[in-house]
Amino acid sequence: MSDAMTPVSRQVLLHALQRQRWRNRLAMLAGVLLLIAAMTVSGALGVQKLSLATSLRGLFAPLLPSAWLADIPAWQIGLLQQLRLPRIVMAVIAGAGLALAGVAMQGITRNPLVSPYTVGISPAAAFGASLAILSGAANPWSGPYFTVAAAFASAVLCATLVLAFSALRGVSATMLVLGGVGLTYLFSALTASVQFVATEQQLSAIVQWTFGSLNGSTWNEVAIAGGVLLLGTPLLQWHAWALNAFAAGGDDIAASLGFAVGRVRAVVTIVAVMMTAAVVSFTGVIGFVGLVAPHIARLLIGGDHRWLLPFSAIVGALLVLLSDMAGRLLFAPVIIPVGIVVAYVGVPLFLHLLLSSRHKAVL
């Protein structure tokens, strides 16, 4: 009887997988359209409001013939292309990068409470930026990217130390997390020491940097952070099957399926660290996104990393973009840093999805 039912069962399974695949495609399409709509609205709203049509054309200006923009006043084009669009694109890059890094770290550690900042990147970057702010006035060679470079170098140094410690024990998930926790406390103490000796103006600059903000984003910054994201995303997507194996059964299952556990964990961690460091160095610390965006995406489309990685990037981009829009508009002309607003926007959304979902609780 069981042999006679086997082809039927296989057919039912194939149909179920096909339906799930179509649902995931529709979710991806809906997410992309929603992201474009949010970018258009963000470009239109501000102290000087623009029409949605103008914002949409400005958003796709690189793809349109110059004649299509001829009827738009020059000041509106300048406002969009020099002020609003760099900020919007940086919000998308920051959200996508942090979400992708969060998915990767949660997958290789098989821990839903892990985020890109678990290995100490956030306090390390804050220490580097704080040190640069403290010594910037005394360094004649310090330029506009001095703080960015210091934050990036410090974050990479922290990640290198964590990986070095973990390598001594086979690059295990436990060593990654514990090493990151230890260095988090160390760099937090170092940052507090810098703040203790800083002047009032320096302390204000350090605190504002740690809030996380998209103010003053430029196309050069977008190009650098976006370049790291474009290089890292295919590498993470290439390891989607390995991440599925880690998430399903840990190191033993991954090894039994032929994956080099230590090498995969090291590569994925390095890519996640570089993407996070590139974002944090330009925007400051934007917390919560790398933790909650993967959970929201997982609740909506499931845990297959082939779909979870790109959909988490869309969710993260939407989360940061909507948070930045709220921070710009709710108390205008005062701008609330996106790092503060993102928690207010994301936590209720995450709790609503978690409580209303019929799936098993992620946490």
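A salt bridge here is a side-chain nitrogen of Lys or Arg within 4 Å of a carboxyl oxygen of Asp or Glu. The model is predicted: local features need pLDDT of at least 70, side-chain atom pairs count only at pLDDT 80 or more, and totals for chains, interfaces and linings use all residues. Residues are numbered from 1 along each chain as its sequence is written, and side-chain values use heavy atoms, with hydrogens and water left out.

**Exercise 1. Find the salt bridges of the whole structure and describe each pair.**

Solution. 

Step 1. Count. The search finds three salt bridges.

Step 2. Take Arg87 and Asp324. Their closest N and O atoms are 2.9 Å apart. Arg87 sits in helix α3 (residues 74–109) and Asp324 in helix α12 (residues 305–329), so this pair ties together parts that are 237 residues apart in sequence. Helices are DSSP runs of H or I, at least four residues long; strands are runs of E, at least two; both are numbered from the N terminus. Arg87 and Asp324 are buried. Buried means under 20% relative accessible area, exposed over 50%, and partly exposed in between (1.4 Å probe, protein chains only).

Step 3. Take Arg328 and Asp324. The closest N and O atoms lie 3.8 Å apart. Arg328 and Asp324 are separated by about one helical turn, because they are four residues apart in helix α12. Both of these residues are buried. Shared partners join Arg87, Asp324 and Arg328 into one network of salt bridges.

Step 4. Take Arg306 and Asp304. Their N to O distance is 2.6 Å. Arg306 is partly exposed, at 37% relative accessibility. Asp304 is partly exposed too, at 22%.

**Exercise 2. Describe helix α5: its span, its buried residues and their cover.**

Solution. 

Step 1. Get the span. α5 has 22 residues and reaches 31 Å from its first C-alpha to its last. The expected span is 1.5 Å times one less than the number of residues. For α5 that expectation is 32 Å, and the helix comes close to it.

Step 2. List what is hidden. Buried residues of α5 include Phe146, Val148, Cys158, Val162 and Leu163.

Step 3. Find the cover. It includes α4 (121–136), α6 (173–197), α7 (200–211) and α10 (261–283).

Step 4. Leu157 belongs to α5 (residues 146–167). Leu157 is partly exposed, with 46% relative accessible area. Leu157, Leu161, Phe165 and Leu168 form a nonpolar surface patch with about 390 Å² of accessible area together. Patch members have over 30% relative accessible area and no salt bridge; like charges are joined within 9 Å, nonpolar side chains (Val, Leu, Ile, Met, Phe, Trp, Tyr) within 5 Å. Accessible areas come from the Shrake-Rupley method with a 1.4 Å probe; for residues, only the protein chains shown count as cover.

**Exercise 3. Where is His239, and which residues does it touch?**

Solution. 

Step 1. His239 is in the loop between α8 (219–238) and α9 (240–256).

Step 2. Check accessibility. At 8%, His239 counts as buried.

Step 3. List the contacts (heavy atoms within 4.5 Å). His239 touches Arg263, Val264, Val267 and Val268, leaving out residues up to four places away in sequence.

**Exercise 4. Summarize the whole chain.**

Solution. 

Step 1. Tally the elements. The chain has 13 helices and zero strands.

Step 2. Of its 363 residues, 48% count as buried.

Step 3. Sort the contacts. Among those between residues at least 6 apart in sequence, 75% join residues at least 24 apart.

Step 4. Read the surface. The chain exposes about 17700 Å², and carbon and sulfur atoms supply 70% of it.
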